[in-house]
Amino acid sequence: MLALFLMFGYAFSQTNEELKGIVTNTENISLKGALVKINELNKGAITDVHGEFIISGLQKGSYEINISFLGYENLTTRVSLPTTTPFRFSLSKTPISLQEVVITDNYATNRKKDEPLGIEIVNEDYLKQNLGGSLMKSLERLPGISTIDIGSGQSKPVIRGLSFNRVVVVENNIKHEAQQWGADHGLEIDQYAVDNIEIIKGPASLMYGSDAIGGVIDMKNNKLPEKNSLSGAVDISGKTNNDFIGTSVSVEGRKEWFFATLTATLLDYGDFRVPTDSVDIYNYRAALHDNYLRNTAGNEQNLHLSFGLVKDKIQSRFYLSNVNSKSGFFANAHGLEPRNVDTDVHDRSSRDIQYPFQEVNHFKVINSTTIWQEKSRLEIDLGYQRNHREEWSQYVQHGYMPAVFPDTLDFDMDLERKFIKDIYSANVKFFYQASDKTQVNSGISGEYKENQINGRGFIIPAYSQVNIGGFVLGRHELSPSKQFQAGMRYDHGRIKTSSYFDWFPSPLDDAVDPETNFLQRAASINRSFSNFTWSLGYNYNPGKWNYKVNIGKSFRMPIPKELAANGVNYHRFSYEVGNPDLSPEIAYQLDLGITFGSEKFAAGASPFLNYFSNYIYLNPTSSHDRLYGNGNQIFIYTESQVLRYGGEFHSHYELLDWLQLGLIGEYIYSRQLSGEKEGYTLPFSPPASAIINLKYNEKTVGRIDNPYLSVDYKITAAQNNIVPPEVITKGYQVVNVGIGGEVNLYKQKLNLSIQVQNLLNKKYFNHTSYYRLINVPEPGRNFIVNINIPFHSSKTL
């Protein structure tokens with residue numbers, strides 16, 4: 001298939017027209033570094049020191065070009081070739097934008113105007129300035145985004161209170177698939193290997209299919225190296241709270257049409273510290289040695305390779321990545337008895353990893369190919385992933401397990417659980433420019449996944465799943481300031497689970513001399529799900545204002561854990577049972593948005609209203625397990641009608657040319673309208689919060705370019721609206737500080753960013769943290785340093 005694409009590309013490469021021009025501001029000053037892009041071809045150039053550019057290899061005809069430059073309004077216009085004189089383009093200074101609260105980027109501003117759903121866009125500079133314990137923690141400052149955490153390196157994204165399989169994570173156009181059903185399973189993604197991230201807040205099932213009912217985290221690594229160049233960077237990071245040390249080295253190069261990039265990352269960290277000397281685990285108080293949360297150390301080794309070709313009408317790129325990690329679980333919060341922990345062994349070192357721990361390896365290979373014609377674009381994405389996860393802990397007899405582990409089984413006695421998941425993915429999208437004002441996009445996607453299990457502990461059965469879906473989306477420009485879009489999608493999926501029997505016999509009743517047998521924990525299930533979804537959106541951009549509205553229907557298939565779970569969750573001391581009769585989730589949502597931006601002030605709000613006809617959740621019962629441990633409470637997956645509403649707000653004011661004041665806030669309300677928990681909220685509902693930000697920013701101070709000093713004062717309200725077994729979480733205030741800039745050391749530039757998180761070493765609890773259930777506070781004061789050392793060579797390769 002790739003060979004056909006190459007032949008197709010070469011057929012269109014015999015062109016000789018050039019687009020030449022110069023870009024200036026309204027004062028006729030040349031702008032160096034402006035991006036000039038031909039929209040139809042996704043081809044462009046960067047202006048030189050004189051503001052000049054050349055794009056060669058073009059055919060005769062008319063082209064729409066877009067010109068962008070930091071701090072200036074984008075210019076979109078149409079040019080015709082051939083021409084005998086260079087074009088001249090003049091850009092106007094942009095008014096202040098809400099996006100500057102996050103990061104200043106013209107593409108981001110336009111993307112937010114065009115997208116009827118709420119959207120946030122960040123790049124690698126933002127990620128380094130807000131470096132957290134994981135990629136998702138680095139995004140937590142964004143409004144409407146939070147995380148469910150377990151330890152210092154494992155986090156799951158939460159968008160407007162929805163997480164797990166309700167949020168899709170996409171990397172290089174392919175949905176990231178692992179064991180995302182587990183609260184203790186983080187994302188196997190290297191945050192040092194991500195160029196930019198788009199976060200869609202709200203139902204995005206139309207483009208991304210089932211599971212995008214809550215939103216999308218779309219990560220890309222699609223920058224192309226300059227022609228005939230070799231460049232790269234070395235990143236060095238350190239954190240004081242858990243003695244973290246990390247380094248990442250990236251190299252990229254390109255000849256005329258061939259390019260390649262390579263990134264290698266090594267991370268190592270110890271147990272993290274909390275501002276308390278003990279934690280209350282239900283009815284047991286566990287002492288902490290020197291404030292360390294014992295056995296939360298870990299390490300990570302990642303490798304990323306990409307290569308491909310870029311021609312005038314075709315671009316094809318391969319991505320290969322391998323992410324490998326080993327991390328410990330908090331020793332007092334895993335298993336069936338938190339008291340039976342050898343503290344002498346665990347407290348001997350804060351960097352070793354003892355039982356219990358997990359080892360995870362995620363391998364991924366992707367090919368993304370794009371073919372351009374005059375009015376259309378074809379995108380084809382193919383992917384394969386293998387996720388291998390093992391959880392280890394010392395074998396301890398519980399329930400009716402034998403005191404002596406038999407030597408006839410095919411797994412190690414200390415292997416608690418093992419999952420091996422293979423995923424095959426394919427996406428085809430076609431974009432057609434029907435006229436100057438109308439674009440029609442369509443596509444199909446398919447996915448096959450197979451998950452195998454092993455180990456002594458059972459929670460979900462082995463399963464296979466097939467998903468296929470197709471969509472069509474139309475966008476029409478009613479006027480230069482008004483856009484309308486409408487789309488629909490059909491999805492179909494089939495889930496097959498395997499039956500599972502215990503590897504040890506258990507009594508069938510409570511008789512004095514009961515009969516024993518190998519109990520069946522899961523029956524085989526074969527179910528199909530299908531649904532139509534739709535979306536309508538409208539954008540209105542009159543001058544300094546932007547209005548948007550979107551209404552739509554989304555759908556999510558139940559996952560195998562919700563259908564067939566039947567076992568102990570060792571992390572939360574519960575027994576979880578699936579429901580094979582669950583229906584797919586259906587949700588309807590209304591999203592609104594209004595923003596205003598002037599030269600000195602910007603403000604905006606993005607409220608939403610969301611209704612689930614059958615929200616699936618884990619409901620605690622009054623029953624307790626009698627077979628597999630110490631009488632753990634039984635939780636059963638069930639359905640409920642749910643109403644949710646809330647939103648985010650932003651404001652930003654430029655006090656002086658070098659001093660800015662910002663305010664970011666969010667609020668979410670959830671209520672179950674039916675079922676046993678009618679009147680209650682949903683689990684892990686984030687409380688209302690706001691960030692007051694004061695930021696100093698200059699162009700140059702001495703040898704430092706773009707220096708900044710940022711202070712965040714975060715105010716979080718108490719979360720009194722809970723659902724059992726959650727407990728009320730008190731409100732808190734935290735101060736975070738950031739400082740950095742581009743340091744010029746003779747001929748070498750260093751990008752330096754320093755953070756102090758939890759400056760005042762405040763003891764507080766995060767309601768959406770997995771450890772909140774056992775009263776573990778958030779990490780104490782943490783100094784974070786990141787040094788980025790870039791290098792570049794433009795010599796002919």
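The model is predicted, so to speak of a local feature I need pLDDT of at least 70, and side-chain atom pairs count only at pLDDT 80 or more, while totals for chains, interfaces and linings use all residues. Residues are numbered from 1 along each chain as its sequence is written, and side-chain values use heavy atoms, with hydrogens and water left out.

Domains first. The assignment, which comes from an automatic or database source, gives domain 1 as 2-94 and domain 2 as 100-359 + 368-792. Their C-alpha centres are 37 Å apart.

Now the cavities. A cavity here is a set of points, on a 1 Å grid over the protein atoms alone, where a 1.4 Å probe fits but cannot get out; lining residues have an atom within 4 Å of a point. Volume is the space filled by probe spheres set on the points, which are joined across faces, edges and corners. There are 12 cavities of 30 Å³ or more.

The largest cavity holds about 650 Å³. Its lining has 38 residues, and nearest the centre are Phe164, Arg572, Leu618, Tyr637 and Phe684. Which element gives the largest share of that lining? It is β37, with five residues. Strands are DSSP runs of E, at least two residues long, and helices are runs of H or I, at least four, numbered from the N terminus. By class, the lining has 21 nonpolar, seven polar and 10 charged residues. Nonpolar covers Ala, Val, Leu, Ile, Met, Phe, Trp, Tyr, Cys and Pro; charged covers Asp, Glu, Lys and Arg; the others, Gly among them, are polar.

The second largest cavity holds about 130 Å³. Of its 14 lining residues, Asn172, Asn221, His304, Tyr319 and Ser321 are closest to the centre. That lining divides into five nonpolar, seven polar and two charged residues.

Last, the rings. Rings of Phe, Tyr and Trp (its six-membered ring) pair if their centres lie within 6.5 Å; planes under 30 degrees apart are stacked, over 60 edge-to-face, and the rest tilted. The whole structure has 26 aromatic pairs. Phenylalanine 430 and tyrosine 432 have ring centres 6.5 Å apart and planes at 10°, so this pair is stacked.

Ring pairs also link Tyr395, Phe405, Phe411, Trp503, Phe504, Tyr575 and Tyr628 into a cluster. Over the ring of tyrosine 628 sits the charged end of arginine 521, 3.9 Å from the ring centre. The rule for that asks for NZ of Lys or CZ of Arg within 6 Å of the ring centre and within 35 degrees of the ring normal.

Terms used
On a 1 Å grid over the protein atoms alone, a cavity is a set of points where a 1.4 Å probe fits but cannot get out, and a pocket is an open set with protein on both sides within 12 Å along at least five of seven lines; lining residues have an atom within 4 Å of a point.
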